[in-house]
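The sequence and structure come first.

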Amino acid sequence: MEFSSSPSSFLLKYAIVMFFIGVVSAQLSTNFYSSSCPKLLPTVKSAVQSAISKEARMGASLLRLHFHDCFVNGCDGSILLDDTSSFIGEKRAAPNFRSARGYEVVDNIKSAVEAACPGVVSCADILAISARDSVAILGGPTWNVKLGRRDSRTASQAAANNSIPPPTSSLSALISSFSAAGLSAKDMIALSGSHTIGQARCTSFRPRIYNETNNLDASFATSKRSNCPRASGSGDDNLAPLDIQSPTKFNNDYYKNLINKKGLLHSDQQLFNGGSADSTVRQYSSNPRQFSADFAAAMIKMGDNKPLTGSSGEIRKNCRKRN
C-alpha cells in the first residue's frame with residue numbers, strides 16, 4: 001500500500017486499515033473454534049444430552065439461561081456470574097431469582113470443555129451451544145451457532161430487572177423489550193414458542209388464573225388453581241407446565257394452546273388476544289415447519305446481540321467468577 005509522506009495522512013490510513021481488520025475479527029462465525037477446539041460441539045452436546053436424560057426440564061432451563069443472558073447487555077455470559085464485592089449480579093434479579101436454573105449443568109459443561117481445550121471457549125458461547133442442543137434434543141429444529149463471544153467481567157441486577165420482560169407484559173411491552181434486543185415483532189412471536197417446553201412457578205401465573213376472565217379457558221384456569229393457591233406466599237414455588245400438551249417436547253403445541261385460550265402466562269396469551277400477533281400465531285399453529293424455521297433464524301439473530309469480541313471481556317476459567 002502506498003502512503004503519502006504526510007504523517008497525518010499515514011495515521012489516518014493506518015487507522016482505517018486497523019478499523020476494518022477489527023470489524024472482520026469482531027464478527028461471530030460458525031467455525032470460530034474449528035482449529036482451537038475441534039471437539040467443542042460434540043463435548044457440549046454429550047454433556048447437554050446427559051443432563052436432559054436425567055431431567056427433561058433441564059433443556060428448557062438451559063435455553064432460558066441463553067435468553068436471559070442475551071437480553072441483559074448482550075450475549076456475554078453475565079447471568080452466570082456470582083455476586084462480588086464490586087457488583088450485585090443477575091442471579092438475584094426478579095426474573096431469575098428462584099427461577100433461573102441449570103448453573104451447575106453449565107459448570108459441568110464448562111469443565112468438560114476446559115478438559116478438551118483449556119482457556120479457549122467462553123461461557124457465553126457455551127450457553128449459545130447448549131441452547132441449540134437442548135432444542136434439538138427435545139425434538140425441535142437445529143441451526144449453526146455463530147461463535148466467538150467473550151465473557152463479561154461484570155453483571156447488573158438492575159439491568160436484568162429492566163431488560164427481561166415479566167410474565168405480566170402486554171403485547172406492546174413484549175414488542176418493545178424484544179426490539180431493544182434487536183429483534184422484530186415476528187422474532188418475538190417465534191421465540192415465545194420456546195414456552196412449548198419448561199415450567200413456570202405459581203407466582204408467575206397466579207394473577208392470570210384468578211384475576212382474568214377474558215381469553216381464558218375456564219376449565220384450564222380451574223385445573224391450575226388446584227396447584228396454585230390464591231393467597232400469596234402459599235405454594236409460590238409450585239410448578240405448572242407452560243405447554244399442557246407436551247411440556248418436554250419442542251413443537252408448535254404452544255400456539256395451539258393460545259388459540260384455545262390456554263396460555264399459562266398473561267404474556268403468553270397476549271400473543272393471541274385480538275391484536276397484531278394473532279395471524280402469526282395462527283400460522284405457526286398450523287405450520288410447524290414454518291415455526292421451526294423462523295425460530296431457528298430468530299435464535300441466530302438473538303445470539304448476535306451485542307457480543308463482546310476481539311480483546312473485550314475475557315475467557316472465564318470458571319463461569320461463576322472473573323479470572
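Helix α14 supplies the largest share of the lining of the largest cavity, three residues. Helices (H or I, at least four residues) and strands (E, at least two) are DSSP runs, numbered from the N terminus. The model is predicted, so local features need pLDDT of at least 70 and side-chain atom pairs count only at pLDDT 80 or more, while totals for chains, interfaces and linings use all residues. Residues are numbered from 1 along each chain as its sequence is written, and side-chain values use heavy atoms, with hydrogens and water left out.

**Largest cavity**

- A cavity is a set of points, on a 1 Å grid over the protein atoms alone, where a 1.4 Å probe fits but cannot get out; lining residues have an atom within 4 Å of a point.
- The count comes to one cavity of 30 Å³ or more.
- The largest cavity holds about 70 Å³ of space, where a volume is the space filled by probe spheres set on the points, and grid points are joined across faces, edges and corners.
- Its lining consists of His 66, Ala 128, Trp 143, Val 145, Lys 146, Arg 149, Met 299, Ile 300 and Gly 303.
- By class, this lining has five nonpolar, two polar and two charged residues (Ala, Val, Leu, Ile, Met, Phe, Trp, Tyr, Cys and Pro count as nonpolar, Asp, Glu, Lys and Arg as charged, and the others, Gly among them, as polar).

**Helix α14**

- Helix α14 (288-303) has 16 residues and reaches 22 Å from its first C-alpha to its last, close to the 22 Å expected at 1.5 Å a residue; the expected span is 1.5 Å times one less than the number of residues.
- Its buried residues (under 20% relative accessible area, with exposed over 50% and partly exposed in between; 1.4 Å probe, protein chains only) are Phe 291, Asp 294, Phe 295, Ala 296, Ala 298, Met 299, Met 302 and Gly 303.
- The cover over these buried residues includes α3 (58-70), α5 (123-137), α8 (185-192), α11 (253-259) and α13 (278-286).

**Largest pocket**

- A pocket is an open set of grid points with protein on both sides within 12 Å along at least five of seven lines.
- The largest pocket has a volume of about 930 Å³.
- Of its 40 lining residues, Arg 64, His 68, Pro 165, His 195 and Leu 265 are the closest to its centre.
- Helix α3 gives the largest share of this lining, six residues.
- The elements that each supply at least two lining residues include α7 (171-180), β1 (199-201) and α12 (266-269).
- The lining divides into 21 nonpolar, 12 polar and seven charged residues.

**Annotated site and domain**

- UniProt (unreviewed entry) places the feature "active site" at His 68; annotations may be inferred rather than shown by experiment, feature names are shortened, and positions are in the numbering used here.
- His 68 lies in helix α3 and is buried, with a relative accessible area of 10%.
- Not counting residues up to four places away in sequence, His 68 touches Ile 79, Glu 90, Pro 95, Asn 96 and Ile 164 (contact means heavy atoms within 4.5 Å).
- UniProt (unreviewed entry) also places "domain: Plant heme peroxidase family profile" at residues 27-323, a span that is 46% helix and 2% strand, with its end C-alpha atoms 24 Å apart.

**Positive phi**

- Asn 215, not a glycine, has a positive phi of about 60°; Asn 215 is in the loop between α9 (202-211) and α10 (218-225) and counts as buried at 16% relative accessibility.
- Lys 306 has a positive phi near 45° and is placed in the segment after α14.
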